[in-house]
Amino acid sequence: MQFKHSSIATTIISACILAGCGGSGGGSTPETPEVTTQFTVIDGYLKDATGWLDLNGDLQQDSGEPSEKSDSHGLVTIKTDYELPTTTLLAAKIHAGTTVDVTYSKTFENDLLLVSNLDVSLVSPYSTLEVLYQRAGEEKQTAREQVCHWIGQSNCDLNTDYIAADDARLSAIAKALMPIMTLEEVLDDSAALSTKADAMLTAIAAEEADIIDQNQTPLWSEMVVVEQDGSYIVMGLSPVTESIIASTTPQEYTLFDRAFDQDDPYSASLLLHVNYHPEHGFMGVSMPGDLIKGFVEYYGFNGEVDLLMPYGEIRGMQDDSGYEYQPDALSLDTAKGLSIVGSIGTTTGEDPAGYETTYRKLNWDGELSLAYQGELTQYSEMSSGLVAAADDTHIAMLHSNINNDFKLDNELRKYDLTGELTSSLQLNRNVSLTDDSYLSTPCSFTLERNNYGFVITAFDNKSLCVVDAALNQKTVATISDGTLAGHYIVDANNFFAVIQKPTDDPSVFNYYLSRFNGSDWTQIASLGQSESYQLGQAVDGRVVVTWVDSQTTTEENEDADNFLDTQINFTLKLLEVGLDGRVIKSTDIELPQQEFDFSAGEVPFLDMIPAQVSGYGAVYSFQRHHREGEQLNTVATALVVPFTY
């Protein structure tokens, strides 16, 4: 529900009651004045924010500074028995997961801080920006003029309620500014935060000007602003959708060329994951031929390999002291590197409660840091918390507990990097494990962190459970025809998934890109029978799915005892889809042809690894295997298809 009302000015009511006033005789005794201050906290209207009178203007709620919670209209009412100093700031703390934006029906992932000068009763991102400019050294008048410049009015009124006025432009810009007004950044460095806000507003203004120059009307309700590599990209504002231009000349890089050596655990012959950054190169997780251990490597652009983390740190390991490490979540992030959540503990068979959770981060410079190690849960035969995911500030774990009646309870929990539980959400209660029905229970099996929040699947892969980052909202989407093969979430009520459906051959599946709009699934496109699909989001609010089609031809090779030489032609398929499910463009790109010569000992076996899709482009990798006697050699190659816009 959206509440609308006129702007509420800061109200100061002073009452002086004189004894015998209007009567006869005697003097008068003034009583203490009652001062009522009201202000509205707004992005949309924010309920359950903590509003207070910052009497000394230090942006922190000190002892003696009165406060009240905001109501469902964002209104804060505070009564005092004294007049307020003119330097007082009106402040509001937005609590992560607790404060509710009534207008947009959402909560916030981080604690935020909004402030305003005493003469502005609408505590908003705009009033906060004015205060930031002042704290960065600007005079109040100059700061006000700068805010008015971004608003687009020479003499703006920061008391104007843009939600009540149905001002789509100011509402959209305020909504974009809101996430950067974090409590930490507002308190820490006002100058840096105002510079960040200026960069965002400059990007919005430039996009707006381009659209107006084309005689188009900006779609403010569709605008999304994202930060990528320190700059801001404005998506969805233009009514004209320009498609991605994918390079028709893939860039090919050799990641490694080496032989598997049974005595050398670092002679990997199987590449599992690859991540790409256009400035740093490639980072990968690989595994040697015994398929037991694994490790992380950095691959430059010239075939040089740097070992970043030994194999024991990634896969199951037992060292001399009887400790083993097992990863539960591994995330390759385009901008930041790699993060790993896992468990470490004794393997002597004594007390399984000795297991601890660890969270390691590995950046593109090869720096490994231990962000957290400690007990986040007690493990026993009937409970666990091993399914985990992480971001820069939190570890999320899917906790399961089985009671004596063999019924399952589970919940999603978030911990900060000190190990403190910050929020939780009950997912299932009393799910019977005595039959196979639990296999289809939503929110019960895998856990993954993504751009919106968290995704949890069922054991049978026939449902998606989507939870927002603050653990407040849960959406379940059941797949009636087929099973889940991969997904990309946009928000709770709009996400995309690759769904596989069986054919007459039980070993072959057809794959489809589908979209869930909050209530129903809609099939968007067929992806054929290729398992090498990759689903991701590029800039300008578009979802991109890629997959590879192949065509194999063979001919006899008399020099190789009439074995068949093999030639494989690959075509990279790229489908570009808008957030509303519209197919924008389909592109075919011929990849380098692969030939295998039996007479040279080559094995016609090719591992295709869909690595990633991002704003940089689509990245695929593959491995060729070559045998010389008993020695197996492997060449790992990455193909980059750059995107331009």
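Q: Is C443 buried or exposed, and why does C443 count that way?
A: C443 counts as buried, because its relative accessibility is 1%, and the cut-off for buried is under 20%. Keep in mind that this is a predicted model.

Q: Okay, and which residue does C443 form a disulfide with?
A: With C465: the two sulfur atoms sit 2.2 Å apart.

Q: Where are C443 and C465 in the chain?
A: C443 is in the loop between β26 (421-432) and β27 (447-449), while C465 is in strand β29 (residues 463-468). The pair links distant parts of the chain, 22 residues apart.

Q: What about C465, buried or exposed?
A: C465 counts as buried too, because its relative accessibility is 0%.

Q: Remind me, what kind of bond is a disulfide?
A: A disulfide is a covalent bond between the sulfur atoms of two cysteines.

Q: How many disulfides does a search of the whole structure find?
A: Two. Besides C443 and C465, there's a disulfide joining C148 to C156, with an S to S distance of 1.9 Å.

Q: Are C148 and C156 buried or exposed?
A: Both C148 and C156 are buried.

Q: Which is left-handed or right-handed here? Start with C148 and C156.
A: The C148 and C156 disulfide has a torsion of about -80 degrees about its S-S bond, so that one is left-handed. For C443 and C465 the torsion is about 90 degrees, so that disulfide is right-handed.

Q: And what is the pairing if you number the bonded cysteines in sequence order?
A: The pairing goes 1-2, 3-4.

Q: New topic: which residues touch the most other members of the largest nonpolar core?
A: Those are V41, I94, Y126, L177, I204 and M223, in a core of 63 residues.

Q: Pick I204. What does I204 touch?
A: Leaving out residues up to four places away in sequence, I204 touches I173, A176, W220, M223, V225, V234 and L237. There is also a second, separate core of 18 residues, including V544, L572, I589 and A618.

Q: Which side chains tend to be buried together in soluble globular proteins?
A: Nonpolar ones do.

Q: Zooming out, how many helices and strands are in the chain?
A: Five helices and 42 strands.

Q: How much of the chain do buried residues make up?
A: Buried residues are 48% of the 645 residues.

Terms used. Residues are numbered from 1 along each chain as its sequence is written. This is a predicted model: local features need pLDDT of at least 70, side-chain atom pairs count only at pLDDT 80 or more; totals for chains, interfaces and linings use all residues. Side-chain values use heavy atoms; hydrogens and water are left out. A nonpolar core is a set of buried Ala, Val, Leu, Ile, Met, Phe, Trp, Tyr and Cys residues joined through side-chain atoms within 4.5 Å. Buried means under 20% relative accessible area, exposed over 50%, partly exposed in between (1.4 Å probe, protein chains only). Contact means heavy atoms within 4.5 Å. A disulfide is a pair of cysteine sulfur atoms within 2.5 Å. Helices (H or I, at least four residues) and strands (E, at least two) are DSSP runs, numbered from the N terminus.
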